[in-house]
Amino acid sequence: MHLQSTKRLANGVEMPWFGLGVYKMTDRDETIAAITQALQVGYRAVDTAALYYNEAEVGEAIRHSGVPREEIFVTTKVWNSDQGYDNTLRAFETSLKKLDMDYIDLYLTHWPVADKFVDTYRAIERLYDEKLIRVPGVSNHHQHHLEQLLGKANIAPVVNQIEVHPYLSQQSLRAFCEEHNIAVTAWSPLGRGGVLTDETILALATKYGKTPAQIVLRWHLQHNILVIPKSVTPHRIKENAQIFDFELTNQDMQTLDALNQNKRFGKNPDNFKFDF
Ligand SMILES: NC(=O)c1ccc[n+]([C@@H]2O[C@H](COP(=O)([O-])OP(=O)(O)OC[C@H]3O[C@@H](n4cnc5c(N)ncnc54)[C@H](OP(=O)(O)O)[C@@H]3O)[C@@H](O)[C@H]2O)c1
């Protein structure tokens with residue numbers, strides 16, 4: 001496995017295991033510099049969202065990178081205030097224009113807005129039928145949200161992007177996704193940096209001669225979880241990608257699993273306030 005290795009998704013599309021998250025990249029030049037450097041280092045996936053207000057910068061950095069568009073896997077998401085069938089189709093048009101692209105690789109419902117997420121996903125299915133997206137997916141869906149969709153969808157969501165890190169291992173939701181051939185991408189794979197001072201993780205970092213972030217990202221990969229760590233810091237963009245030259249033992253994987261405390265750094269989809 002290497003930085004550009006891909007996972008074959010349920011619909012046959014190849015998705016890079018590793019990508020750059022761009023949430024909270026609000027400074028135009030810094031955003032373009034981070035994506036440009038990531039692509040130079042060898043990243044081949046970028047995860048944005050309408051909410052991040054940087055789709056235009058993502059498109060610009062990709063166009064100027066010299067890497068062909070079709071070699072880069074671009075994810076974006078429909079924001080909560082734009083959900084429902086017609087609104088989602090309109091929101092998609094806006095995202096496509098901002099990115100200045102002909103298609104998007106993966107389009108996600110950002111959060112399961114009650115009473116709307118099923119219609120939102122129906123619109124995503126239509127975009128897939130029209131070949132405007134290569135992969136239909138969702139984010140922040142618990143098992144009960146997925147069950148509702150699976151009961152109605154023509155094409156099951158191919159990806160569920162959820163918060164996962166050693167303090168929130170999401171074992172049962174991951175097992176449900178695996179059973180239904182839904183790939184799991186971890187958002188906040190580093191717990192927004194909040195797990196990197198954990199003593200157990202620091203000890204493993206010393207043992208392997210790696211950094212805490214590398215230990216955590218490797219734990220995700222060995223659990224078949226796709227990752228999209230965010231950084232605007234040049235040495236970290238490089239560091240985070242250097243996880244393909246070592247392997248955690250089964251025992252150390254279990255030690256990391258035991259750190260789970262069901263602790264969220266983000267919101268719980270079941271009590272998220274959707275009204276903004
Ligand atoms: N679907 C959703 O609802 C959802 C929600 C949240 C996030 N996401 C996606 O997931 C991506 C990643 O999540 P995230 O941005 O919340 O958190 P994250 O990737 O877990 O952590 C990012 C934070 O960790 C720092 N960091 C990165 N690499 C590091 C390293 N090697 N050593 C020490 N610190 C490091 C970054 O700082 P610097 O940038 O200053 O280096 C930043 O403060 C987002 O960018 C976004 O694309 C999706």
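Seven aromatic pairs are counted in this predicted model. A pair of aromatic rings is described by the distance of the centres and the angle of the planes. Two of the pairs are followed here through the chain.

In the pair formed by F18 and Y43, the ring centres are 5.0 Å apart and the planes stand at 75 degrees, so the arrangement is edge-to-face; the cut-off for that class is over 60 degrees. F18 belongs to the loop between strand 2 (14-16) and strand 3 (20-21), while Y43 belongs to the loop between helix 1 (28-41) and strand 4 (45-47), so the contact ties together parts that are 25 residues apart in sequence. Both F18 and Y43 are buried. Ring pairs also bring in F244, which forms a cluster with F18 and Y43.

The pair of W111 and F272 has another geometry. Here the centres lie 4.1 Å apart and the planes are at 10 degrees, so the rings are stacked, the limit for this class being under 30 degrees. W111 is found in the loop between strand 6 (104-109) and helix 4 (117-129), and F272 in the segment after helix 10 (250-257), so this pair ties together parts that are 161 residues apart in sequence. W111 has a relative accessible area of 6% and is therefore buried. F272, at 10% relative accessibility, counts as buried because the limit is under 20%.

Charged side chains also sit over aromatic rings. R69 lies over the face of Y103, at 4.1 Å from the ring centre. The ring of F246 has the charged end of R218 over it, 5.8 Å from its centre.

Definitions and conventions. Residues are numbered from 1 along each chain as its sequence is written. This is a predicted model: local features need pLDDT of at least 70, side-chain atom pairs count only at pLDDT 80 or more; totals for chains, interfaces and linings use all residues. Side-chain values use heavy atoms; hydrogens and water are left out. Rings of Phe, Tyr and Trp (its six-membered ring) pair if their centres lie within 6.5 Å; planes under 30 degrees apart count as stacked, over 60 as edge-to-face and the rest as tilted. Helices (H or I, at least four residues) and strands (E, at least two) are DSSP runs, numbered from the N terminus. Buried means under 20% relative accessible area, exposed over 50%, partly exposed in between (1.4 Å probe, protein chains only). A charge sits over a ring if NZ of Lys or CZ of Arg is within 6 Å of the ring centre and within 35 degrees of the ring normal.
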